Amino acid sequence: MTTAAIIVAAGRGTRAGGPLPKQWQEVAGKPVARWTLEAFAAQVDTLVMVISPRDRARAEALIDGLEVLLVDGADERAGSVHNGLEALAHTAPDHVLIHDVARPCIPSEVTQSVLHALTQTPGAAPALAVTDALWTGQNDRVSGTQDRTGLFRAQTPQGFHYDAILNAHRAHPGGAADDVEVARTAGLDVAIVPGDERNLKITTPADFARAADILAKQTESALDIRLGNGYDVHAFEDGDHVILCGVNIPHHRALKGHSDADVGMHAVTDAIYGALAEGDIGRHFPPSDPQWKGAASEIFLKHACDLARSKGFEIGNVDCTLICERPKVGPHAAAMMAEMGRIMSLTPDRVSIKATTSERLGFTGREEGIAAIATATLVKS
């Protein structure tokens, strides 16, 4: 099933105040429309934003980095939605979500509930049951009460089978309050799914502060923080130096390995792969492959960093402990941190290199080799 989202952003929103229509004003560091587009970008196949022709330059600047089809709107909402639907006719998605741009705080679970309902019915929309008492009024006085049974506060996105809602809009005379009204006029069944209080519609100046608070909390909870650990061991063999964390250190032995045997860099590399659930160096650079014989471990570390960033992660920090009696690591630690930082595009203060001994115990204590353990933190928002 393919899904498109139409973001309706052609209105002027004068009740919200401010120098610009509300969709172009900033909330929590971004324009309202940008927040709304980003909320749908990962959940649909096609994004359409219906705008006023006078806002095209502003909209083109705002969508940088997102694939968004901009469509000119009409004088009233139903006409704007119709234009957005017609713009999709050449690709004809299976489902379409129609959403007010002024609802930037839409939780993903609401959108998913609408999409799930569309597997059973041609239309679905989120709503909240009315729980407050309802009055009628006249001249600033209560004139009566209204039974709230069966009453709901409508929200968006309102979702439909694409062909059904397109035909409904083509047949509708215009002036509908929302797309559920258009759908019901055409005889379409529309399911109600649970809405969310966070899914507020920015209407007045005070709503910007409420939206900012919600978006700040959503952004904080959306952080994806990963930890990975790595462990590596290399034995000594005849030689006159070792390479540790990219630094050549004179020593009366060398480390044995298929590559350059940089035990510290291998541990850090495996920590990054581990945080990504991508196995270890051997999965990506098999030791059975002769092309990696004597290879610089920088190749492996750069690959792990590039893989992390291709998945949207930044490397927060790495911490590596080298375990050996000799050579002494302390005099070279600053150079190691600088070199590792260069390879990983990190400042040295995000790279910790330290060492310890095993108190003459075990293979490291007997100076038969060097071990290394490392931890890496990856962060994606």
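1. Strand E17 (residues 314-323) and E18 pair in the parallel sense over six bridges; two strands pair if DSSP finds at least two bridges between them. Helices (H or I, at least four residues) and strands (E, at least two) are DSSP runs, numbered from the N terminus.

2. A word on the basis: this is a predicted model, where local features need pLDDT of at least 70 and side-chain atom pairs count only at pLDDT 80 or more, while totals for chains, interfaces and linings use all residues. Residues are numbered from 1 along each chain as its sequence is written, and side-chain values use heavy atoms, with hydrogens and water left out.

3. Now the sheet itself. Five strands form an open sheet in the order E16-E13-E19-E17-E18, with mixed pairing. Strand E16 (253-255) and strand E18 (351-356) are the edge strands, each pairing on one side only. On average, neighbouring strands of this sheet are turned by 20 degrees against each other, direction ignored.

4. Two helices deserve a look here. Helix H8 (residues 263-275) packs on the sheet and touches strand E13 (224-238), E16, E17 and strand E19 (369-380); contact means heavy atoms within 4.5 Å. The direction of H8 makes about 150 degrees with that of E13. H11 lies across E17 and E18, at about 140 degrees to E18. Axes are lines fitted to C-alpha atoms, for helices over the stretch in contact, and angles run from 0 to 180 degrees between N-to-C directions.

5. H11 also meets another helix. The axes of helix H10 (residues 298-310) and helix H11 (residues 333-344) come within 9 Å and cross at roughly 50 degrees. H10 and H11 are therefore oblique to each other (angles under 35 degrees count as roughly parallel, over 145 as roughly antiparallel, 65 to 115 as roughly perpendicular and the rest as oblique). Among the residues making the contact are Leu301 and Cys305 of H10 and Met340 and Ile343 of H11.

6. Please check two prolines. The peptide bond from Arg326 to Pro327 is cis, with omega near 0 degrees, and Pro327 sits in the loop between E17 and H11. The bond from Thr156 to Pro157 is also cis, with omega near 15 degrees; Pro157 is in the loop between strand E10 (152-154) and strand E11 (158-161).

7. Lastly, Ala28 has a positive phi of about 50 degrees although it is not a glycine. Ala28 lies in the loop between strand E2 (26-27) and strand E3 (30-31).
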